Amino acid sequence: MDILLLIGGLALILVGANALTDGASSIARKFNISNLVIGLTVVAFGTSVPELAISIVAALKGSADIAIGNVVGSNIFNTLMIVGCTAAIVPITITKDTLSKEIPLCILASVVLFICANDVLLSKAPANIISNTEGMLLLCFFLIFLSYTFAIARNGDEAATPEIKQLPIWRATLYILAGLAGLVYGGDLFVDGASGIARSLGVSESVIGLTLVAGDTSLPELATAAVAAIKKNPQLAIGNVIGSNLFNIFLVLGTSASISPMPIEGITNIDFGVLVGSCLLLFLFGLTFKKHVITRIEGLLLIACYIGYITYLVVVS
């Protein structure tokens, strides 16, 4: 039954995210907002909506480990597995701006999360918790990221983004409402299913969040990367991964913690360390040999790192 709840909830979330993105994109286009801005905001947000829905529901239900594990695990999966698989198919050329701006911003986001989650280590507090104040701080970082995104859009190439579906206003509005309903109800089912599986397997919610939930909610990013690799456009994959990682930390955790403080129990500094380390590894691979290319061998190394991390989680749990 828990597996059915998990699958059914995920299906509703993915359908809802797609409907919400299509509806919002269409309405934004009708107000003459450029395709590039829509691609960098609405579409990028759409791939992070599953994480947002699940994390908010999990936080409200007192399952903070699922919420935090979902974000940390998704970002690790994105950086190691998705980039790794894409590079293994088609080597990824890293642009100068991506190497000097976007990836360092991704590293910064991971370090900020590490600091917010280490009250015991850094300030001798009785427990680690991402507070309402820290959640609002993460949202402030998100606003800075959006400002940077719009600055890119003003100087970018309009033709660089995919065509946006044109829908009548009534249908776009219906898509948005149906998408939100699917996200809310699907998120509720998914969290119930994930919690039930954790209890039946005798493993912690944090491990379920870092593995099963994280992998499932990263399906939109995985699908985007697969299509990008097949179409010989791997730069799209790494752009989607970096954007999704920033949305996950700044928006998803920022919103969740602003609604309800999130105690951290099962997520350890090893997990946060792998998160920061994966971003650093991506930066180093892009920097090597001055070619700014993530090669097939480096892609396979990223995949190996992820397999090693998952093996560690399974053994420890």
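This report walks through a predicted model of one protein, from its overall make-up to a few individual residues.

## The overall picture

Let us begin with the whole chain. The protein contains 12 helices and four strands. Of its 317 residues, 51% are buried. The exposed surface comes to about 13,900 Å², and 71% of that is supplied by carbon and sulfur atoms.

The mean pLDDT is 80, and 79% of the residues reach 70 or more. Helix α11, covering residues 269-287, has the highest confidence, with a mean of 93, while helix α9, residues 219-230, has the lowest, with a mean of 65.

Where pLDDT is low, the predicted coordinates should not be read in detail.

## The nonpolar core

In soluble globular proteins, nonpolar side chains tend to be buried together. Here, the largest nonpolar core has 68 residues. The residues with the most contacts inside this core are I68, V72, L113, I249, M262, F272 and I294. Which helix gives the largest share of the core? That is helix α3, residues 64-89, with 13 residues.

Setting aside neighbours within four places in sequence, V72 is in contact with L113, L210, D271, F272 and L275.

The C-alpha atom of N78 is separated by 8.9 Å from that of G215, although the two residues are 137 residues apart along the chain.

Over in helix α11 you will find S278. Is S278 buried or exposed? S278 counts as buried because its relative accessibility is 2%, under the 20% cut-off. Not counting residues up to four places away in sequence, S278 touches T79 and L80.

Helix α6, residues 132-155, contains F142. This phenylalanine is buried too, with a relative accessible area of 10%. F142 touches F247, F250 and L251, again leaving out residues up to four places away in sequence. The C-alpha atoms of F142 and I249 are separated by 8.6 Å, and these two residues are 107 residues apart along the chain.

## Out at the surface

V111 sits in helix α4. With a relative accessible area of 31%, V111 is partly exposed.

K124 is another residue to look at, in the loop between α5 and β2 (129-130). Its relative accessibility of 71% makes K124 exposed. The phi of K124, however, is near 60°, a positive value in a residue other than glycine.

Note on methods:
Residues numbered from 1 in each chain as written. Heavy atoms only, no water. Helix = DSSP H or I, 4+ residues; strand = E, 2+ residues; numbered from the N terminus. Buried < 20%, exposed > 50% of the residue type's maximum accessible area, 1.4 Å probe, protein only. Areas by Shrake-Rupley, 256 points an atom, 1.4 Å probe, with all protein chains shown as cover. pLDDT = per-residue confidence, 0-100. Core = buried A, V, L, I, M, F, W, Y, C linked by side-chain atoms within 4.5 Å. Contact = heavy atoms within 4.5 Å.
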